[in-house]
Amino acid sequence: MDIIDLKPLSEWRVRDFKDYEIRNCHKSKELSDFMATTPAISVEILGLSEMELLASAIQLDFAVSNLSVRLQTYRFDEWRFLEPTKGIDTCIFWLPILAISSGGLEISPSLLGDLTTAINLRLQGGSSVYVLLPEPSISSVFRGDSLEESRMDFIRNLNINFEHSKNLVLLPWENWLGVKNISNWVAPKFWEVARMPGNTGLISCIAKSVASTIRNDFGFGIKAIAVDLDDTLWSGIVGDVGIEGLALDQYGEGRSHLEFQRFLVDQFRKGIFIGVISKNDQKMVDKAFENRAEMLLTKEQVAFWGVNWDKKSTSILAMAEQLNIHVSSIVFIDDSEFEIAEVRNAIPEIQTIHVSGDRTTFLETLRKTGIFHGSRQNSSRTSIGSTPIIQTTNLSENSYTIEIRSLEVSLDHLDRTSNLIVKTNQFNLTSNRTSRSQLWELAQNPNCYVIAYEIDENSVAKGIMSVVVIEKRNEDFAVKEWVLSCRAFSRGVEWWILKDFAKRLAKDGVTRVVFALQKTDRTSYLENFYKELALSGLLEADGNLNIHAILSSDIDTKLIGELNRE
Amino acid sequence: MSNSEQLRNLICEILGIQNEALSLESGMGDPTEWDSFAQISIMVAAEEKWSVQLSPIEIGENTTFNLILALIESKL
């Protein structure tokens with residue numbers, strides 16, 4: 001198989017963005033096939049000269065991931081004339097002219113209100129919005145600097161105005177200035193000549209970081225983390241020091257490891273698979289997880305166990321196969337240079353992070369890679385109290401219970417639901433990959449049903465695991481999207497969901513729904529489900545299982561039968 | 001090292017190209033690495049290196065190796 005012949009993004013320089021042409025990207029066929037049905041993400045940018053770099057960075061960042069993007073740029077001062085526009089997935093406001101670069105002359109009492117109106121316009125249209133906040137003043141080192149106070153007031157008020165908005169991300173410059181020497185980035189000449197609020201190096205760094213953040217937030221980032229145990233997840237080698245000898249104390253050597261575990265738990269909650277890849281004895285590892293109360297990462301949060309004496313690359317390939325994800329969407333973290341090299345050599349497409357040096361800065365190192373989910377509050381958990389719970393049920397098997405709730409998709413759910421549609425490959429009925437903005441349009445369309453399903457396992461919230469989109473096409477209703485996370489497989493969840501939306505449609509007088517299964521090399525689980533549907537008499541299928549399903553009036557009885565059978 | 005050689009080194013470092021790829025007539029657009037952003041970077045770096053002040057108009061108008069060299073030498 002070909003591999004992507006591109007240098008790491010971190011090594012790209014300003015001119016690379018401008019000269020980059022997609023035809024130079026030697027795409028892997030497998031990857032391009034995999035993403036062939038992914039629609040372009042529509043991005044709107046409002047800024048000044050730095051927009052050019054930001055737009056190029058986004059284009060490059062997406063192209064490296066075999067994704068396409070439609071970009072529309074406006075001069076910053078045009079935001080006052082923004083029109084409600086459909087189909088914009090994300091909108092970026094870069095606010096350079098408010099602070100140091102222009103002497104803060106643009107900060108006026110009406111500015112905050114106008115900007116709030118413009119941001120709300122995009123949020124209400126279903127876009128996610130990123131605001132690059134005004135840069136700090138170089139004179140901020142002097143206490144009481146009026147320009148800096150004015151900037152901080154502005155940011156504080158913006159925070160207050162959008163306190164409850166889940167689809168807005170405020171990006172402070174301090175994110176990047178922390179890694180740069182402030183005297184290097186302030187370049188009045190760049191402002192004078194090109195209206196750029198910093199030197200090209202810093203603007204390029206910000207642009208790359210924002211591009212990567214957006215890609216991750218849209219669910220195109222990594223899907224799994226493969227993590228080593230000894231001296232990575234915990235301090236010490238469990239085979240040598242035993243379970244009790246592992247350092248996991250929060251006041252000493254174990255603190256940075258606990259911090260790392262907290263990071264992994266957060267990633268898990270954002271829908272990332274966690275796999276353990278370790279040359280160890282499984283029984284001993286089990287005991288460490290079970291008996292060391294300090295452990296923050298639990299066994300239940302680990303989706304794959306590669307604990308054996310095989311090469312780590314072998315375990316990672318098994319992980320990719322079991323989770324049915326491409327190896328390029330896995331990041332491998334280990335403290336051993338040897339293991340990192342072995343894995344990179346065997347799996348060139350994989351991303352690796354070597355844990356080395358000062359552990360206290362390890363999380364900062366992870367953040368700077370820009371490959372992890374982090375900026376937006378896009379946890380799969382949703383605020384149950386704020387969403388209408390339409391139906392709930394319990395599927396019980398011995399002591400194991402699943403509770404499912406169906407929710408009308410609101411703006412609060414757009415992140416998770418659109419991510420799920422993008423990420424899901426195995427139980428993805430149509431592979432339509434409806435974009436975020438399209439999903440929001442459909443959710444507002446009276447002729448469409450857009451329903452999300454939220455699941456709790458043994459009273460532990462797992463968040464939204466399934467999305468169904470059904471739209472009216474002429475006289476028929478057709479399933480435009482139906483995705484189900486593989487975490488919910490083989491538990492009867494799909495039957496319950498089918499029953500739920502069928503009942504809802506029946507209540508509205510709909511008796512026939514067209515399913516069109518788009519088979520891929522990853523949809524075997526879904527095809528089996530189709531076969532079972534056909535056997536149950538609920539599906540009118542041709543030989544290819546590829547055409548129609550009819551939800552008859554007796555679906556309830558038949559599905560209850562299927563559920564019992566499950 | 002002459003001003004010309006120092007300027008050549010500086011420009012090539014910013015553009016990330018070999019010294020041989022730069023002639024006296026080189027400028028914005030040729031080589032392709034020399035774009036508008038590179039132009040600003042070159043002029044700002046030149047300001048620092050020779051401790052001279054360049055106006056935005058001078059930065060915008062002097063866009064070849066020859067012209068920049070002449071501009072800097074006129075200010076020394």
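This is a predicted model: local features need pLDDT of at least 70, side-chain atom pairs count only at pLDDT 80 or more; totals for chains, interfaces and linings use all residues.

Me: How far is Cys91(A) from Ser128(A), C-alpha to C-alpha?
Reply: Their C-alpha atoms are separated by 6.3 Å, though the two residues are 37 apart along the chain.

Me: And where does Cys91(A) sit?
Reply: Cys91(A) is part of strand S3 of chain A. That strand covers residues 90–94 and is joined by 5 bridges to strand S4, residues 128–132, with the two running parallel. Cys91(A) itself has Val129(A) as its bridge partner in S4(A).

Me: Buried or exposed, that cysteine?
Reply: Buried, because its relative accessibility is 0% and the cut-off for buried is under 20%.

Me: What sheet do S3 and S4 belong to?
Reply: An open one of 5 strands in chain A, in the order S2-S1-S3-S4-S5, with parallel pairing. At the edges are S2 (69–75) and S5 (168–171), each pairing on one side only. From one strand to the next, the twist averages 15°.

Me: Let's zoom out. How many helices and strands does chain A have?
Reply: Chain A has 20 helices and 17 strands.

Me: How much of the chain is buried?
Reply: Of the 566 residues in chain A, 55% are buried. The accessible surface is about 24100 Å², and carbon and sulfur atoms account for 48% of that.

Me: What about contacts between residues that are some way apart in sequence?
Reply: Take the contacts in chain A between residues at least 6 apart in sequence: 71% of those join residues at least 24 apart.

Me: Back to sheets. What's the strand order in the one with S9?
Reply: It goes S8-S7-S6-S9-S10 in chain A: 5 strands, open, with parallel pairing. Its edge strands are S8 (302–308) and S10 (351–354), and each pairs on one side only. Neighbouring strands here are turned by 20° against each other on average, direction ignored.

Me: Which strands are bridged to S9?
Reply: S6 (224–227) is joined to S9 (330–334) by 4 bridges, running parallel. S9(A) and S10(A) are also joined by 4 bridges and run parallel.

Me: How many residues of S9 are buried?
Reply: 5 of its 5 residues. Side chains in a regular strand alternate between the two faces of the sheet. In S9(A), Ile330(A), Phe332(A) and Asp334(A) are on one side, with Val331(A) and Ile333(A) on the other, and both faces are covered.

Me: What about Ser329(A), where does that lie?
Reply: Ser329(A) is in the loop between helix H13 (312–323) and S9 of chain A. Ser329(A) counts as buried because its relative accessible area is 8%, and buried means under 20%. Not counting residues up to four places away in sequence, Ser329(A) touches Gly221(A), Ile222(A), Lys223(A) and Ala224(A).

Me: New topic: how many residues are in the largest nonpolar core?
Reply: It has 36 residues, and Ile58(A), Ile92(A) and Val210(A) are the ones with the most contacts inside it. Leaving out residues up to four places away in sequence, Val210(A) touches Leu54(A), Ile92(A), Leu132(A), Leu171(A) and Trp176(A).

Me: And the second core, which residues does that include?
Reply: The second one is separate and has 34 residues, including Ile222(A), Leu233(A), Phe289(A) and Val307(A).

Conventions
Residues are numbered from 1 along each chain as its sequence is written. Chains are lettered from A and ligands numbered from 1 in the order in which they are written. Side-chain values use heavy atoms; hydrogens and water are left out. Two strands pair if DSSP finds at least two bridges between them. Axes are lines fitted to C-alpha atoms, for helices over the stretch in contact, and angles run from 0 to 180 degrees between N-to-C directions. Buried means under 20% relative accessible area, exposed over 50%, partly exposed in between (1.4 Å probe, protein chains only). Contact means heavy atoms within 4.5 Å. Accessible areas come from the Shrake-Rupley method with a 1.4 Å probe; for residues, only the protein chains shown count as cover. A nonpolar core is a set of buried Ala, Val, Leu, Ile, Met, Phe, Trp, Tyr and Cys residues joined through side-chain atoms within 4.5 Å.
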